[in-house]
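This report describes one protein chain for a reader who is new to structures. Please look at the sequence and the model first, then read on.

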Amino acid sequence: MTMQIATKSEISAIDRLLSEAINGATPTDAWLQQLRDNAAAVVRELGMPTTRDENWRFTNLAPLAAVPFQRAAAFELPLGTLGNLIDNIKILSKVDRRLVFVNGRYSQELSAVAGLPQGLFIGNLAQLPAELRDRLPEYLANQEGTQEVFTALNTAGLNDAAVIWLGKNVAVETPIHLLFISVTRETPALIQPRTLVVAEPGSAATVIEEYIVADREWCATAETQPYFTNTVTEIYLGQNAEVNHTRIQREAANSFHIGKSAIAQAKDSRYSCIEVNTGSKISRHNLEIYQKGEGTQTTLNGLTVIGGEQLADTHSNVVLNHPHGMVAQLQKCIVEDRAHSVFNGRVFVAKAAQLTDASQLNRNLILSRKGRVDTKPQLEIIADDVKCTHGATVSQLEAEELFYLQSRGLDPVTSRNLLIDGFAGEILEKLPVPSLANRLSRCLACLTSH
């Protein structure tokens, strides 16, 4: 292991972020305060990641470190905008269950959680019933991977969280929408959303987690005041539980977004994730899955669409420690202009994880001469009775395919867009709500229409 020594500027950057993170964190339960204090110590010890770190060698955080972020203040959206905003954020025409956070703070006016079935809780920490709050120490900030600097930074300032708690054998058909809205102000803001999902044995739900900027349509292209969203989502699946998770990141064009999704799967549980990233100047998603029982199933599908000088980094880590596990991962990226895509996908198959079936594929489409892709699919296998494959491709639009479409009477722009839609459609068609797929298709058309 190589020890890195942070420079003076790097130290001051992480110290500033930590100071703002803990500023305003109000005292609550003793265990929660201890959790914050321990996390703050981790942040101070680790410091800001640099390109000297192997896990960050393609992602330079110097632009983030140079901005003097301040903890986001409470922000109330004008009442006159609520109706239009609710119409825009709805993903269903009828029942629409959602939790809305504005600059990391819960908005009861924009949320819709009435009429929940017995055994289902959707709300924030302050609304959590006493019997569930007593169980929080089992779950909150208790995942593997908490000793990572940005995860710890989020925990150090933890005041509130979106919470979904499914009781034993509770199956919810209606998708649950978690919407995190950033409102830009005159001062660069640090926004730290937190999400906890507990799916007890035999339960099932679809969760849609979405990050957007206010007063915008569906394409993150306009310049706004910089802000930094540092988010953590923890999902626990009990035995035979099922969670279908969609994660959408459409932040402002000059924002920064770093997210952690930490998932723990018990025996026979099923977890699927569909991830779509289009926004932010620099974005990073750390997706970590730990299969903690035999017969677990993990399905990961991701799509990143970037242009300009955006940098999008996806790091996934799937750890299998028990037999009969299944992992299927498909990560796609479309790169336009001078944008830079990074993918590092690791699947670790321990000796005990016999009869594992794991597949991993990263496909990249570059639409310009100056776009860049760095990809590193990894399989680390210690077990000897497994079926595992992995691969990566980097390509451009095929001239023969373009010629074929144009020979059928289509103009060059339409031909190009059809091929791009076909590449992205394999991921978008898996989204659980048609209106969401249509919305993201419009965003894709906006980003790739050159």
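Helix α2 passes helix α6 in a left-handed crossing. A crossing is left-handed if the near helix is turned anticlockwise from the far one by less than a right angle, and right-handed if clockwise. The axes of α2 and α6 come within 8 Å and cross at roughly 145°. Such axes are lines fitted to C-alpha atoms, for helices over the stretch in contact, and the angles run from 0 to 180 degrees between N-to-C directions. From α2, the contact involves Leu35, Arg36, Ala39, Ala40, Val42, Val43 and Leu46, and from α6 it involves Val149, Ala152, Leu153, Thr155 and Ala156. Contact means heavy atoms within 4.5 Å.

## Basis of the values

This is a predicted model, in which local features need pLDDT of at least 70 and side-chain atom pairs count only at pLDDT 80 or more, while totals for chains, interfaces and linings use all residues. Residues are numbered from 1 along each chain as its sequence is written, and side-chain values use heavy atoms, with hydrogens and water left out.

## The chain as a whole

The protein chain has nine helices and 21 strands. Helices (H or I, at least four residues) and strands (E, at least two) are DSSP runs, numbered from the N terminus. Of the 450 residues in the chain, 56% are buried. Buried means under 20% relative accessible area, exposed means over 50%, and partly exposed lies in between (1.4 Å probe, protein chains only). Among contacts between residues at least 6 apart in sequence, 85% join residues at least 24 apart.

## Aromatic rings

A search of the whole structure finds nine aromatic pairs. Rings of Phe, Tyr and Trp (its six-membered ring) pair if their centres lie within 6.5 Å; planes under 30 degrees apart count as stacked, over 60 as edge-to-face and the rest as tilted. One of the pairs is Trp56 with Phe150, which is tilted, with 5.8 Å centre to centre and 55° between the planes. These two residues are 94 residues apart and link distant parts of the chain: Trp56 is in the loop between α2 (30–46) and α3 (62–65), and Phe150 is in helix α6 (residues 149–156).

Trp56 is buried, at 6% relative accessible area, and Phe150 is buried too, at 1%. Trp56, Phe69, Phe150, Phe228 and Phe256 form one aromatic cluster. The charged end of Arg284 sits over the ring of Trp56, 3.8 Å from its centre. For this, NZ of Lys or CZ of Arg must be within 6 Å of the ring centre and within 35 degrees of the ring normal. Lys332 lies over the face of Phe423, at 4.5 Å from the ring centre.

## Cysteines

How many disulfides does a search of the whole structure find? The search finds zero; a disulfide is a pair of cysteine sulfur atoms within 2.5 Å. Cys273 is buried, at 1% relative accessibility, and Cys333 is buried at 3%.

## Single residues

Thr195 is in strand β8 (residues 194–199) and counts as buried, at 1% relative accessibility. Leaving aside neighbours within four places in sequence, Thr195 is in contact with Ala162, Leu178, Phe180, Val232, Thr233 and Glu234.

Ala141 has a phi near 55°, a positive value in a residue other than glycine. Ala141 is in the loop between α5 (130–133) and α6, and is buried at 12% relative accessibility. Leu355 has a phi near 60°, also a positive value in a residue other than glycine. Leu355 is in the loop between β18 (340–349) and β19 (357–366), and is partly exposed at 43%.
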